[in-house]
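Work through the exercises below with the model open beside you. Try each task before reading its solution.

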Amino acid sequence: MSISELPCVYIHSCCDDDPLKIIKLIRNEENIEICKNEENISSNRWTIDCKYYTADINLCTSTSLKKLSDQFVHDINAIIILCNIDYSNIMETMNECLPLVEKSQAEVLILLSEKNIDSDVSNNATHIFEWCRKNHFELIVLEEIADEMDTTGIERVRQALYAHHWPNLKAKCQITNPSTKSIIEDSVINSQLSGGLSDLKMDTEQEAELDSDLFTEMFEGDFNFFKTIDKVRKLKEQISAMPDEERKDAAEKTLTECWKAFFGDDVDL
């Protein structure tokens, strides 16, 4: 099967970090098979095999953003951009990726940094936070240490990829309830999920706010596991892109809204 026949994750480096290193980290394997096609796209085929589904995808990278075919761009479902905050022109090189982001309409957008950006004292830190908010990227730091309630680093990258609705996924669920079966088949196998998801956009010139309607949408009507997981992922992306001082308040608001969605507005918190 050629590269163009599978959905893919496209990994691009805006610094000296090697995208192939990230592919190996995602796979958790040192020795992986890398194939190259006529467009000089390096690719590794990966079968995602989780509790709920399986999907064959490609983990891809290339030396240039300008030589990607329309067919390949159409197959991009996720984009991971590698950045180094120490680079003086890092914002310029990150902005060069935006035409590809817009053209591909990839739903999983990750900015991956080797170093902890929170500890940086340069202006790049503020600019990177604002760039992530404006362009709907989740900022993930490889060296960040996770607490008991959170997932960080390469594990968070895998988690985001697992939560995506791959167009060729095969659900594992053996469902006996007819109504539940129709929901799963409609939402996972046959539907175009991108049109049904909430568009969670954040304006960097306004106070960062979470979409409170999202919480009730998650729990109203028939429960749809895959859409719910994607909504949770998008909420996490919003919070992850915030500076430290805003992140705690947003996390508390998220918990409060989830609690109300489960138990109603009258519950005593």
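**Exercise 1.** In which loop does Q105 lie? Then describe its phi and its exposure.

*Solution.* Note that the model is predicted.
- Step 1: Q105 sits in the loop between α4 (98-104) and β6 (108-113).
- Step 2: Its phi is positive, about 55°, although Q105 is not a glycine.
- Step 3: Most residues other than glycine have a negative phi.
- Step 4: Relative accessibility is 66% for Q105. Exposed means over 50%, so Q105 counts as exposed.

**Exercise 2.** Carry out the analysis for N28: where is its place, and is N28 buried or exposed?

*Solution.* 
- Step 1: N28 belongs to the loop between α1 (19-27) and β2 (35-36).
- Step 2: Phi of N28 is near 60°. That is a positive value in a residue other than glycine.
- Step 3: N28 has 64% relative accessibility and therefore counts as exposed.

**Exercise 3.** How many residues of helix α6 are buried, and which are they?

*Solution.* 
- Step 1: Helix α6 spans residues 153-163.
- Step 2: Use the cut-off for buried, under 20% relative accessible area. Eight of the 11 residues of α6 are buried, so the helix is mostly covered.
- Step 3: The buried residues are G153, I154, R156, V157, R158, A160, L161 and A163.

**Exercise 4.** Summarise the whole protein: how many helices and strands does it have, what share of its residues is buried, and what share of the surface belongs to carbon and sulfur atoms?

*Solution.* 
- Step 1: The protein has 10 helices and eight strands.
- Step 2: It has 269 residues, and 46% of them count as buried.
- Step 3: Its accessible surface is about 14900 Å². Carbon and sulfur atoms hold 46% of that surface.
- Step 4: Finish with the contacts. Take those with a separation of 6 or more: 74% of them join residues 24 or more positions apart.

Definitions and conventions. Residues numbered from 1 in each chain as written. Predicted model: local features only at pLDDT ≥ 70, side-chain atom pairs only at ≥ 80, totals over all residues. Heavy atoms only, no water. Helix = DSSP H or I, 4+ residues; strand = E, 2+ residues; numbered from the N terminus. Buried < 20%, exposed > 50% of the residue type's maximum accessible area, 1.4 Å probe, protein only. Contact = heavy atoms within 4.5 Å. Areas by Shrake-Rupley, 256 points an atom, 1.4 Å probe, with all protein chains shown as cover.
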